[in-house]
Amino acid sequence: MSENRKYNYPNKLSIFRFFLDAEGVRRNPIPFHKRYFEKLGDSFSLKIGFTKHLMLSRDNEIAQHILQKNQRKYHKSKFQSVYLSKYLGNGLLTVDGDFWLKQRRLIQPAFHKQKMNQLVENMNRTIVSELDDLVENKSIDLFPVMSQLAFNVVAKSLFELSISEEKLTRIKVIIEEVQNFLIKEIRLPHKAWWFSISGQVKKHLELAKENNSIIQEIIEERISSKEEINDLLNMLLETRYEDTGEGMSVEQLIDEIKVLFIAGHETTANALTFTLFLLGRNPEIQQKVLEEIVKIESETSSIVEQLQKMTYTNAVLNESMRLYPPAWITDRQNVEDDSIGAYHLKKGTLIGVSFYELHRNPKYWEDPDKFDPERFLGEQKKHSMQYFYPFGAGPRMCIGAGFAIYEMCLTIAHIVKQFNIISTKEDIQFNPLITLKPVGIEVLFSKR
């Protein structure tokens, strides 16, 4: 029986079309994906060479299948495990199988709601002090401001007291440099030999090593000081493996902390930038957020209770992440042959799910391009949540989701309370890198 008869894939994208579009796709895949979906349906496939199959989908059934229902058969792709781990080590983001499960079980309790509630006061203080320097009455590029804020919130939540500004700045610079190079490696695979012989790979591996030693120094200082400080580092140091009763090795701790830094700051900065821009474009929605915040603050002074009551603010945030999901795409590879609906897939098929397109798929969303927070309120919320993946889904769903929502709601509340936000540009530009990065988004803050 020929392979073609045995396996069955969605509509094929012609390899000729793929090569014609390759340069444009490399620069910004999103408009091309949209065009292919509209022409070929909610999933399409591509055969590379004689044996390699790729599939891209915006179909909820496929997303559910690979991330939840049959997730055991699907591992992260080589791109995530090989490229990222080279610089990030073996943390939750990059590992798979039994080791991943062991790490996830170990770290999960540190992100339990009760634990997150203990971090809120510190988080709130950091946000307030970051917003003290907000430039007023002048159109500013918003992303760098939100990036700085989100980075410092993660840093201060991880290491409450034990980090100098100088070390902090150095970690941020290294993370940005390594990430920019990583994107070059992924987008320009044909230049791998050049990156290697020109010493660029070596240089960035050295930077990653420097980052490790800064983090290691902080950890070792903490261990020898024997201080009990209410931060994430302390929570991670206290964790114990179920089978041995031992804690994480320092090496493993460094890898997990790097993941928290990277996964925890950029995605949040992206979401905050898009959300504030959308509020600046929709003054009536901004007004409703303000009214909710004022009302909540008159009812309770407990920050945790305030956060629990921010129903409308949360809906605004969700609707912003629906339109502009920070983690805009995910991929998996099946470790054995598998069937999804009518498709029978060969082992090793690379499946990408575009959350960006799934979140705008007219099959699931009415008027999908419209910014409408009502989708995430009352009865409508139940429907919307079935097709909503801002933090992924299934067992590998983002461990820091609760942390991120707290941080974003607090930031939005503080800004809206003090300032009227006006967006000074018409449309939203972005660059779909590892995350969906806002480009040139400008707003003006004027005191209320």
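Tutor: A residue is called buried when its relative accessible area is under 20%, exposed when it is over 50%, and partly exposed in between (1.4 Å probe, protein chains only). The accessible areas come from the Shrake-Rupley method with a 1.4 Å probe, and for residues only the protein chains shown count as cover. This is a predicted model, in which local features need pLDDT of at least 70 and side-chain atom pairs count only at pLDDT 80 or more, while totals for chains, interfaces and linings use all residues. Residues are numbered from 1 along each chain as its sequence is written, and side-chain values use heavy atoms, with hydrogens and water left out.

Student: Is Phe19 buried or exposed, then?
Tutor: Phe19 counts as exposed because its relative accessible area is 56%. Phe19 lies in helix H2. Helices (H or I, at least four residues) and strands (E, at least two) are DSSP runs, numbered from the N terminus.

Student: Which residues form a nonpolar patch with Phe19 on the surface?
Tutor: The patch is formed by Ile15, Phe16, Phe19, Leu20 and Ile48, which together have about 520 Å² of accessible area. Helix H2, residues 15-27, gives the most to this patch, with 4 residues. Patches are made of residues with over 30% relative accessible area and no salt bridge; like charges are joined within 9 Å, and nonpolar side chains (Val, Leu, Ile, Met, Phe, Trp, Tyr) within 5 Å.

Student: And what is a salt bridge?
Tutor: A salt bridge is a side-chain nitrogen of Lys or Arg within 4 Å of a carboxyl oxygen of Asp or Glu. Side chains of opposite charge can pair when their charged atoms come close.

Student: How many salt bridges are found in the whole structure?
Tutor: The search finds 31 salt bridges. One of them joins Asp21 and Arg17, with the closest N and O atoms 2.9 Å apart. Both residues lie in helix H2, 4 residues apart, about one turn of the helix. Asp21 is buried, with a relative accessible area of 6%, whereas Arg17 is partly exposed at 34%.

Student: Which helices hold Lys86 and Glu185?
Tutor: The side chains of Lys86 and Glu185 meet in a salt bridge, 2.9 Å from N to O. Lys86 lies in helix H5 (residues 78-88) and Glu185 in helix H9 (residues 165-187), so this pair ties together parts that are 99 residues apart in sequence. Glu185 counts as buried because its relative accessibility is 8%, and Lys86 counts as partly exposed at 34%.

Student: What does Lys203 pair with?
Tutor: Lys203 forms a salt bridge with Glu177, and their closest N and O atoms are 3.9 Å apart. This pair links distant parts of the chain, 26 residues apart: Lys203 is in helix H11 (residues 200-225) and Glu177 in helix H9. Both are partly exposed, Lys203 at 47% relative accessibility and Glu177 at 33%. Elsewhere, Asp42, Arg58, Glu357 and Lys363 are linked in a network of salt bridges.

Student: New topic: how much space lies in the second largest pocket?
Tutor: About 610 Å³ of space lies in that pocket. On a 1 Å grid over the protein atoms alone, a pocket is an open set of points with protein on both sides within 12 Å along at least five of seven lines, whereas a cavity is a set of points where a 1.4 Å probe fits but cannot get out; lining residues have an atom within 4 Å of a point. Grid points are joined across faces, edges and corners, and the volume is the space filled by probe spheres set on the points.

Student: How many residues line the second largest pocket?
Tutor: It is lined by 29 residues, and Asn314, Asn318, Lys381, Met385 and Ile405 lie nearest its centre. Among the elements giving two or more residues to the lining are helix H16 (311-323), helix H18 (378-385) and helix H19 (401-418). H19 provides the largest share, 5 residues.
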